[in-house]
Amino acid sequence: MAVTSEAFGKNLFGENVDLFTLTNSNGIRVRIMNHGGIIVSLETPDRDGNMADIVLGHDTAAEYADGGPYFGAVIGRFGNRIKDGKFSLEGVDYTLAQNNGPNALHGGLKGFDKIIWDTEILEDTAIRMRYVSADGEEGFPGEVETVITYTLTDDNELKIDYSAESTKATPFNITNHSYFNLAGHDSGIAVGQIMTINADRYLPIDATSIPTGEEASVEGTPFDFRTPHVIGARIDEDNEQLAFAGGYDHNWCLNKETDGEISFCARSEDPVSGRVMETFTTEPGVQFYAANFLDGTLKGKGGCMYVKRGGFCLETQHWPDSPNQPQFPNTILRPGEAFLSQTIYKFSVN
Ligand code: BGC
């Protein structure tokens, strides 16, 4: 077990970036940079013990530039979409940057994915990152202090713990945007991998990917992953919901016995390498995004050109557009409250 750090060049703003490497006693290795809290690489063994890097990303900090697909990044202060970039809170109307068609996406023009996190090593298994987002930053009210701890355990778990406090009521929804490809980041299309999602319901969207407000049953639809299904088996079916997003890019409403408990979210498996990833979270939802918008034009690690559906994200989070949908689980963080959230990605082989 060890954590090391090294200089990792400069980011797109010319700021110095540090890279932290966490290694467990089974040889699993994760590299995380303080720019955006980005998981740069994650190496795990296949069933024969061969290691591969199973997350998409870039070789240098500077290549994580504006307009990218948020590879590996912390997303905040509000992950996912807010309709028309507008919401009202305590009688005040707020306007955010419309950076995704008419909507606000992933915290704005310079969200938590593009700032330098103040990072320290905690013993030999973890790093802790802290960022204070100013009152008014990206149009949101309240100064928000966020702390994220990444821990790599000898049980082959990557644990991400989030905590936050705000000086004023503000929408808050944080996640990690890693693109996994369990066959290896450079192995091409990932639709042959098998997904299970612990959700009886999902949120249908409109043509701009905003939830309609309905919680629909997955029964009898291509969104039913309650039993294992190959990602690609139904992804191109004639279905309006799939057509709106070019495939899977929706929020699944996770089955929970108790709100806020850590519970099973998803299981992903690559039948060829045998790599398995199980996801657990305290969050009420997961955005399963099958990388429909990658198109083979973006150069990643080792010169790999990342193709459409060449990975998948399991963004554990609250539901999209919650500030405008009062019936959804609450995303307003108020002064004096402690926001706490945990997600665990656990690696094994089959
Ligand atoms: C969204 C996608 C978006 C992607 C950005 C995902 O969280 O749901 O629609 O294209 O982030 O790369």
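Visitor: How many bridges join strand 2 to strand 3?
Guide: There are 5 bridges between strand 2 (residues 16–23) and strand 3 (residues 29–33), and the two run antiparallel. Strands here are DSSP runs of E with at least two residues, and helices are runs of H or I with at least four, numbered from the N terminus. Two strands pair if DSSP finds at least two bridges between them.

Visitor: What kind of model is this, and how are residues numbered?
Guide: This is a predicted model, where local features need pLDDT of at least 70 and side-chain atom pairs count only at pLDDT 80 or more, while totals for chains, interfaces and linings use all residues. Residues are numbered from 1 along each chain as its sequence is written, and side-chain values use heavy atoms, with hydrogens and water left out.

Visitor: Back to those strands. Which residue stands opposite threonine 23?
Guide: Arginine 29, in strand 3.

Visitor: And in what order do the strands of that sheet come?
Guide: It is an open sheet of 5 strands, ordered 1-2-3-4-5, with antiparallel pairing. Strand 1 (2–10) and strand 5 are the edges, each pairing on one side only. On average, neighbouring strands are turned by 20° against each other, direction ignored. Axes are lines fitted to C-alpha atoms, for helices over the stretch in contact, and angles run from 0 to 180 degrees between N-to-C directions.

Visitor: New topic. Which residues carry the "active site" annotation?
Guide: UniProt, in an unreviewed entry, puts it on His177 and Glu315. They span 139 residues in sequence, yet no two of their C-alpha atoms are more than 5.9 Å apart, so they gather at one spot. Both His177 and Glu315 are in the lining of the largest pocket. UniProt positions follow the numbering used here, feature names are shortened, and annotations may be inferred rather than shown by experiment.

Visitor: What counts as a pocket?
Guide: The search uses a 1 Å grid over the protein atoms alone. A pocket is an open set of points with protein on both sides within 12 Å along at least five of seven lines. A cavity is a set of points where a 1.4 Å probe fits but cannot get out. Lining residues have an atom within 4 Å of a point.

Visitor: Is glutamate 315 buried or exposed?
Guide: Buried, because its relative accessibility is 2%. Buried means under 20% relative accessible area, exposed over 50%, and partly exposed in between (1.4 Å probe, protein chains only). Glutamate 315 sits in strand 27 (residues 313–317).

Visitor: What does glutamate 315 contact?
Guide: Beyond its neighbours within four places in sequence, its contacts include His106, His177, Gln287 and Tyr289. Contact means heavy atoms within 4.5 Å.

Visitor: Where is histidine 177?
Guide: In the loop between strand 16 (175–176) and strand 17 (194–197). Histidine 177 counts as buried at 3% relative accessibility. With neighbours within four places left aside, its contacts include Tyr70, Phe71, His106, Cys313 and Glu315.

Visitor: Which residues have the "binding site" feature?
Guide: UniProt's unreviewed entry lists Asn80, Arg81, His177, Ser178, Tyr179 and Asp249. From this set, Asn80 is in the lining of the largest cavity. Asparagine 80 lies in the loop between strand 6 (74–75) and strand 7 (81–82). Its relative accessible area is 2%, so asparagine 80 is buried. Leaving aside neighbours within four places, asparagine 80 contacts Ala104, Leu105, His106, Gln287, Gln317 and Pro320.

Visitor: Switching to charges. How many salt bridges are there in the whole structure?
Guide: The search finds 14. A salt bridge is a side-chain nitrogen of Lys or Arg within 4 Å of a carboxyl oxygen of Asp or Glu. One of them joins aspartate 53 and lysine 301 at 2.7 Å, N to O. The partners are 248 residues apart: aspartate 53 is in strand 5 (residues 51–53), and lysine 301 is in the loop between strand 25 (298–299) and strand 26 (305–306). Both are buried.

Visitor: What about lysine 114?
Guide: Lysine 114 pairs with aspartate 113, with the closest N and O atoms 2.9 Å apart. Both residues are buried.

Visitor: Which residues are linked in a network of salt bridges?
Guide: Asp200, Glu219, Asp224 and Arg226. Arginine 226 meets glutamate 219 at 3.2 Å, N to O. Arginine 226 is partly exposed at 32% relative accessibility, and glutamate 219 is exposed at 56%.
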